Structures are given as structure tokens and as C-alpha cells.
Amino acid sequence: MRCARCGGLMVREKFEDLGGLASGDHEYAGWRCINCGAIVDPLIAAHRRLTSQAAASNPALTTA
Ligand SMILES: [Zn+2]
């Protein structure tokens, strides 16, 4: 896999899901560029969307 930003070599990396979302997955794989350090992981973007959506428009999720 090549880095979209600099064309460098990307290596498989494991990331921890520190957000503790309800997915149940606390570890997931992504890609990191060994040249510029860019991280490519669609899950990161997905998590950002989910968390912002949950905070903005889903108070029901936090009902105890
Ligand atoms: Zn790069």
C-alpha cells in the first residue's frame, strides 16, 4: 500500500479504540506511512462521525 499524501511505503499497524464505543472492538488495524507518518484508517473517520452524531442528536443513548 502506498501513502496517498507522499507516495511512501505504508505498514500495517494496530490501533486501540480509546473511545470505548459500543462496537466491542477495542483494537483495529490501520495503515501508517513510515515516510511522513500519515495514518489511514476509515474507522477513525467513522468513529468521529458516530461520536459527534451521538452527542448532537442522540441523547437517548445516554439514558440510564
Ligand atoms: Zn506518507
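1. The sheet. Three strands make an open sheet in the order S1-S2-S3, with antiparallel pairing. Strands here are DSSP runs of E with at least two residues, helices are runs of H or I with at least four, and both are numbered from the N terminus. Two strands count as paired if DSSP finds at least two bridges between them. At the edges sit S1 (10-16) and S3 (39-40), each pairing on one side only.

2. What you're looking at. This is a predicted model, so to speak of local features a pLDDT of at least 70 is needed, side-chain atom pairs count only at pLDDT 80 or more, and totals for chains, interfaces and linings use all residues. Residue numbers start from 1 along each chain as its sequence is written.

3. Confidence. The pLDDT (the predictor's confidence in each residue, from 0 to 100) averages 75 over the chain, and 55% of the residues score at least 70.

4. Layout. The chain has 1 helix and 3 strands, running β-β-β-α from the N terminus on.

5. Strand pairing. S1 and S2 are joined in the antiparallel sense by 7 bridges; Met10, for one, has Cys33 in S2 as its bridge partner. On the S3 side, S2 (residues 27-33) pairs over 2 bridges, again antiparallel. There, Arg32 stands opposite Ile39 and Trp31 opposite Val40.

6. The S2-S3 hairpin. This hairpin has 5 residues between the strands, and Gly37 takes a positive phi near 85 degrees in it.

7. Buried residues make up 3% of the 64 in the chain. Buried means 20 or more other C-beta atoms within 10 Å of the residue's own, exposed means 12 or fewer, and partly exposed is in between, with C-beta atoms placed from the backbone. A contact is a pair of residues whose C-beta atoms, placed from the backbone, lie within 7 Å. Of the contacts in the chain with a separation of 6 or more, 43% are between residues 24 or more positions apart.

8. Asp41. This residue lies in the loop between S3 and H1. Asp41 counts as partly exposed because it has 15 C-beta neighbours inside 10 Å. Leaving aside neighbours within four places in sequence, Asp41 is in contact with Phe15, Gly30 and Trp31. Phe15 is 26 residues from Asp41 in sequence, yet their C-alpha atoms are 9.4 Å apart in space.

Note on methods. Two residues are in contact if their C-beta atoms, placed from the backbone, lie within 7 Å.
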